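Dear colleague,

Please find below the structure that I am handing over to you, together with its sequence. My notes on what was found in it follow.

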Amino acid sequence: MKYLVTGGLGFIGSNLVDYLLEKGHEIVVVDDLSTGKESYKNPKATYYNYSIADLNLMTELTKGMDGIFHLAAWARLQRSINDPLGTNHANVTGTLTLLQAARVNKVEKFIFSSSSSVYGMQENPIMEETMSTNPLHPYALQKLVGEMYCRLYSKLFGIKTVALRYFNVYGPRQIIDGDYALVIGTFLKQKRENKKMTIYGDGRQTRAYTHVGDVVRANLLAMELSMEKGESEIFNIGTDRETSINEIAKMLGGEVEHIIPNPRGEFEERRKAANYSKALKILGWKPTVTIEEGIKRLLGQKS
Ligand SMILES: NC(=O)c1ccc[n+]([C@@H]2O[C@H](COP(=O)([O-])OP(=O)(O)OC[C@H]3O[C@@H](n4cnc5c(N)ncnc54)[C@H](O)[C@@H]3O)[C@@H](O)[C@H]2O)c1
């Protein structure tokens, strides 16, 4: 099949491109290299350095595609708080532009990389797709609007859309600059620089750390899912296991330093894990890499 991958030079996107090529698909990538890396290019894919918010270019690129994996985004919580308009342009206008291009070219399937951040703070820390959403920052709201545009384009124009709500994704090529969602990367960097690992707050906040290999597999399962014209779906793609930041630091080994009070304050969700039973039932997906195994692999990896 011929697929367009947006954001295919980023952390998850480049892992997805490699996986899809291994499965024998023809891959075209669009990435403006804002956070992506040239070095992640796979010689078997075709690359375009364009912005996803350019409708003319996206209409050209989506011609003849069997499906679109839409990953390009400004995927940084803090950046969305500092620059709500700029991030809205990439995350909302960009998504809408691609949906519109898909509509024009009658692309059948659209897989949208959403985020568990759409849940925000909930009474129950185990997130289910049926819960009402509660975005706490512009990035989460932008992802939610992206999901809603997907559903609308399914209803109005018949495109089959799937939104995958990823929980904290980690693994090879993860970005190691300072953002909470990428805490494992930050810790690895600090360790390499012989610095203490900095933990915001008491470190008891938990997340559902999900290996990138499991996330890319979910993308292809979603693309290959048999759906009716006009149908849209949302799936949690995350583990049901809660792991605290303190536990992550312990697995990595080394000295830690707590920053108190937590600079993230009200944007910090205390606990989070995924109920993935819907993905298991419909996609046949479940996480396969435990956090211990994933961290072991990262520690063994050359940097
Ligand atoms: N990493 C996580 O834990 C996580 C969790 C939930 C959701 N997600 C979502 O998964 C997707 C991939 O995230 P990631 O962690 O790989 O981030 P990333 O920053 O590594 O990748 C995003 C890619 O999109 C590209 N890009 C950004 N704006 C663009 C634009 N306007 N036009 C073209 N390309 C553009 C960047 O250059 C980059 O290569 C994002 O949509 C993100 O919101 C990630």
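The model is a predicted one. The secondary structure comprises 10 helices and 15 strands. Of the 303 residues, 48% count as buried.

As to overall dimensions, the C-alpha atoms fill a box of roughly 55 × 40 × 40 Å along the principal axes. The radius of gyration is 18 Å, which agrees with the value near 19 Å that a compact globule of 303 residues would have.

Domains and their contact

The domain assignment divides the protein chain into domain 1 (2-167 + 211-237) and domain 2 (170-208 + 240-273 + 288-300). Taken over C-alpha atoms, the centres of domain 1 and domain 2 are separated by 25 Å. The contact between them involves 21 residues from domain 1 and 20 residues from domain 2. On the side of domain 1 that touches domain 2, the elements giving two or more residues are α1 (11-22), α3, β6 (126-127) and α7 (212-224). By class, that side of domain 1 has 10 nonpolar, nine polar and two charged residues.

The nonpolar core

The largest nonpolar core has 84 residues, and those touching the most other members are Val5, Val29, Ile68, Phe110, Ile111 and Leu164. Domain 1 and domain 2 each supply at least three residues to this core. Which residues are in contact with Ile68, leaving aside neighbours within four places in sequence? They are Tyr3, Leu4, Thr62, Leu98, Ala102, Val107, Phe110 and Ile111. Two of these partners, Phe110 and Ile111, are also listed with Ile68 among the core residues that touch the most other members.

Strand β9 and its partner

In a regular strand, side chains alternate between the two faces of the sheet. Strand β9 (residues 197-200) has Met197 and Ile199 on a covered face, while Thr198 and Tyr200 lie on an uncovered one. β9 runs parallel to strand β14 (residues 256-259), and four bridges join the two. Within this pairing, Val256 of β14 is the bridge partner of Met197.

Two helix residues

Arg79 belongs to helix α3 (residues 77-82). Is Arg79 buried or partly exposed? Arg79 has 17 other C-beta atoms within 10 Å and is therefore partly exposed, since a buried residue needs 20 or more. Apart from residues up to four places away in sequence, Arg79 touches Trp74 and Thr87. The C-alpha atoms of Arg79 and Tyr139 are separated by 8.3 Å, although these residues are 60 apart along the chain.

Ser154 is located in helix α5 (residues 138-157). Ser154 counts as buried because 22 C-beta neighbours lie inside 10 Å. Beyond residues up to four places away in sequence, Ser154 touches Ile159, Lys160 and Thr161, as well as Gly230, Glu231 and Ser232. Pro135 is 19 residues from Ser154 along the chain, and the C-alpha atoms of the two are separated by 23 Å.

With kind regards

Key:
Residues are numbered from 1 along each chain as its sequence is written. This is a predicted model: local features need pLDDT of at least 70, side-chain atom pairs count only at pLDDT 80 or more; totals for chains, interfaces and linings use all residues. The radius of gyration is taken over C-alpha atoms; the globule rule is 2.2 Å times the number of residues to the power 0.38. A residue is buried if 20 or more other C-beta atoms lie within 10 Å of its own, exposed if 12 or fewer, and partly exposed in between; C-beta atoms are placed from the backbone. Two residues are in contact if their C-beta atoms, placed from the backbone, lie within 7 Å. Domain bounds come from an automatic or database domain assignment. Ala, Val, Leu, Ile, Met, Phe, Trp, Tyr, Cys and Pro count as nonpolar, Asp, Glu, Lys and Arg as charged, and the others, Gly among them, as polar. Two strands pair if DSSP finds at least two bridges between them. A nonpolar core is a set of buried Ala, Val, Leu, Ile, Met, Phe, Trp, Tyr and Cys residues joined through C-beta atoms within 7 Å.
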